[in-house]
Amino acid sequence: MWHRQPFTLSARPRGFHLVTDEILAALPRLAEIRTGLLHLQLMHTSASLTLNENADPDVRHDMALFAARIAPERLDGLRHTLEGPDDMPAHVLASLFGTQLTLAVDNGRLLNGTWQGIWLGEHRQHGGARRITATLSGE
């Protein structure tokens with residue numbers, strides 16, 4: 001089976017947000033997959049998807065702290081600044097963290113580790129709603 005489905009995540013402020021439940025709610029056909037893959041592609045260049053800690057929110061806070069130090073706003077010499085001081089750093093972070101995830105599916109469920117969840121990295125102060133294209137494949 002192949003199934004492609006676009007959906008939209010609600011707008012969030014800058015930071016890292018656990019979005020596993022929101023993604024699963026958007027994909028009822030996941031339950032039909034016995035063995036397969038879920039590919040998620042974020043359709044933006046200023047946000048990211050990553051798989052990380054799903055229990056302690058302090059990890060998301062600390063990741064945002066690191067991200068702000070890796071790609072600071074108002075860095076001298078930046079040329080891409082017309083969309084605001086947070087835009088170019090957001091592009092850098094999206095490239096570093098990535099905009100795609102591929103996850104195993106087993107008996108209608110994601111086959112992730114006990115402490116793993118899907119994060120949206122929102123790298124703009126006001127990035128807005130974020131579109132994702134999901135592709136399910138399997139039997």
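Is Arg74 buried or exposed, judged by relative accessibility? At 63% relative accessibility, Arg74 counts as exposed. The model is predicted.

**Salt bridges**

- Side chains of opposite charge can pair when their charged atoms come close.
- The count of salt bridges comes to 8.
- Arg74 pairs with Glu73, and the closest N and O atoms of this salt bridge are 3.3 Å apart.
- Glu73 has a relative accessibility of 27% and counts as partly exposed, because the exposed class starts over 50% and the buried class ends under 20%.
- A network of salt bridges links Arg14, Glu73 and Arg74.
- Glu32 and Arg29 form another salt bridge, with 3.1 Å between the closest N and O atoms.
- Glu32 is partly exposed at a relative accessible area of 47%, and Arg29 is partly exposed at 29%.
- In the salt bridge between Arg130 and Glu122, the closest N and O atoms are 2.8 Å apart.
- Both Arg130 and Glu122 are buried.

**A buried arginine without a salt bridge**

- Arg60 sits in helix H2, which runs over residues 57-70.
- Arg60 is buried and has no salt bridge.
- The nearest side chain of opposite charge to Arg60 is that of Glu53, 7.0 Å away; this does not count as a salt bridge because the cut-off is 4 Å between a side-chain nitrogen and a carboxyl oxygen.
- Leaving aside residues up to four places away in sequence, Arg60 touches Phe16, His17, Leu18, Glu53 and Trp119.

**Positive phi**

- Most residues other than glycine have a negative phi.
- Arg74 is not a glycine, yet has a positive phi of about 60 degrees.
- Arg74 is found in the loop between H2 and H3.
- Asn107, also a residue other than glycine, has a positive phi near 50 degrees.
- The loop between strand S5 (100-106) and S6 holds Asn107.
- Asn107 counts as exposed, at 55% relative accessibility.

**Largest pocket**

- The largest pocket holds about 270 Å³ of space.
- Its lining has 14 residues, and those nearest the centre are Thr20, Asp21, Leu24, Asn112 and Gln116.
- Two or more residues of this lining come from each of helix H1 (20-25), strand S6 (109-110) and strand S7 (116-126).
- H1 gives the most to the lining of the largest pocket, with 4 residues.
- By residue class, the lining of the largest pocket has 5 nonpolar, 6 polar and 3 charged residues.

**Second largest pocket**

- The volume of the second largest pocket is about 160 Å³.
- The second largest pocket is lined by 14 residues, with Arg14, Ala64, Ala67, Ala68 and Leu93 closest to its centre.
- Strand S2 (13-18), H2, helix H3 (87-97) and S7 each give two or more residues to the lining of the second largest pocket.
- The lining of the second largest pocket divides into 9 nonpolar, 2 polar and 3 charged residues.

**Val92 and Thr135**

- Val92 lies in helix H3 and is partly exposed, with a relative accessible area of 33%.
- From C-alpha to C-alpha, Val92 and Thr135 are 26 Å apart in space, and 43 residues separate them in sequence.

Definitions and conventions: Residues numbered from 1 in each chain as written. Predicted model: local features only at pLDDT ≥ 70, side-chain atom pairs only at ≥ 80, totals over all residues. Heavy atoms only, no water. Buried < 20%, exposed > 50% of the residue type's maximum accessible area, 1.4 Å probe, protein only. Lys, Arg positive; Asp, Glu negative; His and termini not counted. Contact = heavy atoms within 4.5 Å. 1 Å grid on protein atoms, 1.4 Å probe; cavity = no way out; pocket = protein on both sides within 12 Å on 5 of 7 lines; lining within 4 Å. Points joined across faces, edges and corners; volume = space filled by probe spheres on them. Nonpolar A, V, L, I, M, F, W, Y, C, P; charged D, E, K, R; others polar.
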